Amino acid sequence: GNIVFAGIGIPLLAATLALATLLLAPRMLRPLSIAALVVMVVANALTASSSGNAVLLLSALNGAASGVILWVLVGMLTRASDGARLFAIYVTAQAILATALSWAMSLLVLPQFGIAGGYWLIAALSLLLLVPATLFLPRSYVPLAAGRILLPTALGLAGLISILCFLAGILAL
């Protein structure tokens, strides 16, 4: 992620996630993830010293790269035998880490280094993610069984919307 999406990063994350789902085969996950993380590192590092339209462009790049990372994560969760439990662990860890990062930013990083320090911290954290991406990501997924695409029922859609709102609340915090 990125500290401030400048209004364009989140829509590009969603668009990239949708396009990756439709267009990318579940192969070459490690190189794709590494490339996306490198883009995130560079985009956040450059944002630290940018202004104006450059911030928008870098936010767009970061959003697109984040969409690829999210595509890989969703692919892993959908193929896991205990995906619901893993998703719960992921959301809980994300909430805890986002709260800790927010605290660290507001009390330590931003007062000392300004907004540029925040972008440098996010770039450094993205750089750290290269290690597990390189070591632990599978090279490819087993393709999901082809078949009919079933749309959720009204109850299922209500559940998905509630999860979306829950996640949006965590991210907003």
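Biologist: Why does Asn-62 count as buried?

Modeller: In this predicted model, in which local features need pLDDT of at least 70, side-chain atom pairs count only at pLDDT 80 or more, and totals for chains, interfaces and linings use all residues, Asn-62 has 0% relative accessibility. Buried means under 20% relative accessible area, exposed over 50%, and partly exposed in between, with a 1.4 Å probe and protein chains only; therefore Asn-62 is buried. Residues are numbered from 1 along each chain as its sequence is written, and side-chain values use heavy atoms, with hydrogens and water left out.

Biologist: What makes the pairing of the Asn-62 and Asn-44 side chains a polar contact?

Modeller: The two side chains are in contact at 3.2 Å. A polar contact is a pair of N or O atoms within 3.5 Å; within protein, one must be able to donate a hydrogen and the other to accept it, and residues adjacent in sequence count only if both atoms are side-chain atoms.

Biologist: In which element is Asn-62 placed?

Modeller: Asn-62 is in helix 3. Helices (H or I, at least four residues) and strands (E, at least two) are DSSP runs, numbered from the N terminus. The protein chain has six helices and zero strands.

Biologist: Why is Met-28 called exposed?

Modeller: Its relative accessibility is 56%, and the limit for exposed is over 50%, so Met-28 is exposed. Met-28 is found in the loop between helix 1 and helix 2.

Biologist: What is the phi of Met-28?

Modeller: Phi of Met-28 is near 55°, a positive value in a residue other than glycine. Most residues other than glycine have a negative phi.

Biologist: Why is Ser-102 called partly exposed?

Modeller: Ser-102 has 37% relative accessibility, which falls between the limits for buried and exposed; Ser-102 is therefore partly exposed. Ser-102 belongs to helix 4, residues 83–128.

Biologist: Which residues touch the most other members of the largest nonpolar core?

Modeller: Among its 13 residues, these are Leu-29, Leu-37, Trp-71 and Val-72. A nonpolar core is a set of buried Ala, Val, Leu, Ile, Met, Phe, Trp, Tyr and Cys residues joined through side-chain atoms within 4.5 Å. Helix 2 (29–47), helix 3 (53–79) and helix 5 (130–136) each supply at least two residues of this core.
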